[in-house]
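This report goes through a protein model strand by strand, then turns to its core, its ligand and one annotated span. Please keep the structure in view while reading.

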Amino acid sequence: MVFTRAEQSATSNSPVTNGVKEDKDLKKLKQSKASPTAPRRSSARIQALQKAEKTVAGPNAVVVKGEDKCEDNVKEGKGKKRSRKSGPVDSLVVEEQSVLLLKKKPLACGKDEMKVENAVGQFEDKSDTVKVKDTIRLFNKYYLQLVQEEEKRCVRVETQPKDANSPKKSSQKASKSKKGAPHVDSKKPAKRPDLKAISKASENSSAFFYLMMENNEILYSEKRIGSIPGIEVGYQFYSRAEMVAVGFHSHWLNGIDYMGQSYAKAYSFEFPIAIAIVLSGMYEDDQDNAEDVVYTGQGGHNLTGDKRQIQDQKLERGNLALKNCVEQCVPVRVIRGHDSSSSYSGKVYTYDGLYKPIQGGKSSLAKRRRDFPHRVYFTYGRVPQSIAEIRGLVCEDITGGFTYCKSLKVAKNVKLPSNAAGCKCKGLCNDPTTCACALRNGSDFPYVSRNGGRLVEAKDVVFECGPKCGCGPGCVNRTSQKGLRYRLEVFRTAKKGWAVRSWDFIPSGAPVCEYTGILARTEDMDSMLENNYIFEIDGLQTIKGLGGRERRSQDGEIPEDILNKYEDPSSESVPEFCIDAGSTGNIARFINHCCEPNLFVQCVLSTHDDLRLARVMLFAADNIPPLQELTYDYGYALDSVLGSDGKIKQMPCYCGAADCRKRLF
Ligand SMILES: C[S@@+](CC[C@H](N)C(=O)[O-])C[C@H]1O[C@@H](n2cnc3c(N)ncnc32)[C@H](O)[C@@H]1O
């Protein structure tokens, strides 16, 4: 899968690559319609691959391969062994948008601008990219909440007495549960959480308020032709449901998204018209030739089984829309997704040559294969597999000048309590109604088990299981204690010094690393001249949302017995403690600030209850593709930093985000 952003961008009025195969005659036709300054057609995929080749590991890179090795100053790539693909899994790339001449009718009623749809109004002052990002974050939050609900349902099924699962009893139960109560039928698979998150509420859904359609939270819910603001060519989605959430493609399963007859009043096209297609390799005679694509119509194949073609396709709905779109040269959004090839034996429509529908079959497919021996299917980004593959390695040992430490050290004058009581669970904690640690988190586990543990959402403080708990090391409520999961690399940037990125895909909510160093009293740091590696934050600050920090959600309230220990929790105060990673620390000390970060700070307690001395963890706020720089918001309030002369200090921010505040502090 290509993960480097394609260079080519397309708009509805700039003629660019058509997502459909074309021949010479058609090219001529297009040239006659296109503007003389139209950029030359070239493959976004090839450009992206070339760019990826150039940028892999950057010119100056140093690698950290898992903390087990780092402590001994890693010199070669023998980090944790994993079996994984070289690129992100389950992702879909917007690669090319096609072409030509939008014949939109002038509209008297100003409908031209398209209705400002639902969710868009909620973020009026934000840039388009931030609107998209926020919508996908919201989707991921719902998704993880629904995963959590599903995991609880599985636990309930597992812990039910055996006879409760007999077919007779479970069907009785299913009918009883119709009005509201969660459905506990082990035989019937629950609806996928990603689909629940976007779909309309069903009568017996217990997740009614999560649903984005129901809540008018789909970003662009009105169908539109051409590009979607904030989503450029090369953008990566991680599920079909994400595309639905932003309104890029309005169906999670169909390949062809189209506008029906109801739009005929607003345009002079013949409807239905296809507006977005997903190339997923589900049909054997789809062809992806990098620069052009042959796209098979939909239908007739066996969706539930081996995906073989079992019926003829019909020239109606999506197929008709595709034909109309191609014949009228209407731009279509093209998304490349997964390849899973199959064979077929039916009559299918493809558009070939001069866009004449042809009746395909194995023989015509074989002919096209002869004609296109260099066909591209789905490619993966070039993420290095070992240190030997990195070009431009400038330093084999990043620990020059500091000592690498996997866990927090404590300054001599700081005493860490060990007063956390612990839960009485055995093995794994899975019942939030009885686990004492879950109760402290607001009667729920903060993590879901999926992908080795993901935090459902940012909280004031996460109470994890600790040394006094009865559960074992595999407990999901110890997610942040399990060390580095992803292969992280320190690389050189042009303006920000060193920075960090991952070779692996990181799903939203996954723990990335702890900010380690020496836990010290803030007052002891005052005499230090220049130290860029002090993390001035504690659990109390996060709760109060002081300085430039956002106030966290109030969902899992902190137990009174803990909160009452502190004087006026709403007062603005300097954090009493900080983490100094100047002389001792881990990879987190190289992570830069960004005004639109992809990580967030989360305070975690497991061995004691003192909010001021909580561990500081960094979690993924988004699905993060390999080689994207990892960043968090340093949270400085502007003009809050004073120099030794007592004057306000300023530092420019070079994060490059669309909504950058331009200053770090
Ligand atoms: C904790 S260090 C991060 C690692 C640092 N880049 C390095 O080379 O070691 C914080 C320092 O990095 C730089 N930095 C981090 N984020 C930045 C940003 N968005 N713009 C400019 N400089 C940044 C600033 O010099 C800051 O004091």
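In this predicted model, A276 stands opposite R333 in β8. That strand, β8, covers residues 333-336 and runs parallel to β5, with four bridges joining the two.

| β8 | 333-336 | parallel | four | R333 |

Is β5 itself mostly covered or mostly open? Strand β5, residues 273-279, is mostly covered, and seven of its seven residues are buried. In a regular strand, side chains alternate between the two faces of the sheet.

**Nonpolar core**

A274 is among the residues with the most contacts inside the largest nonpolar core. That core has 113 residues, and V246, C429, V512 and L618 are the others listed with the most contacts inside it. Helix α4 (residues 128-159) gives the most to this core, supplying eight residues. In soluble globular proteins, nonpolar side chains tend to be buried together.

Which residues does V246 touch, apart from its neighbours within four places in sequence? V246 is in contact with V132, T135, I136, L219, Y220, I228 and I231.

**Ligand surroundings**

The ligand is surrounded by 15 residues, of which G497, W498, N532, N592 and H593 are the closest. Two strands, β17 (498-502) and β23 (592-593), each supply at least two residues of this shell. By type, the residues of the shell around the ligand comprise nine nonpolar, four polar and two charged.

**Annotated span**

An unreviewed UniProt entry lists residues 421-483 as "domain: Pre-SET". In the model, the span is 8% helix and 10% strand, and its end C-alpha atoms lie 23 Å apart.

**The protein as a whole**

The protein has 13 helices and 26 strands. Of its 665 residues, 43% count as buried. Contacts between residues at least 6 apart in sequence were also sorted by separation: 76% of them join residues at least 24 apart.

Definitions and conventions. Residues numbered from 1 in each chain as written. Predicted model: local features only at pLDDT ≥ 70, side-chain atom pairs only at ≥ 80, totals over all residues. Near = placed C-beta within 6 Å. Nonpolar A, V, L, I, M, F, W, Y, C, P; charged D, E, K, R; others polar. Core = buried A, V, L, I, M, F, W, Y, C linked by C-beta atoms within 7 Å. Buried ≥ 20, exposed ≤ 12 C-beta atoms within 10 Å, placed from the backbone. Contact = placed C-beta atoms within 7 Å. Pairing = 2+ DSSP bridges. UniProt positions renumbered as here; feature names shortened; annotations may be inferred.
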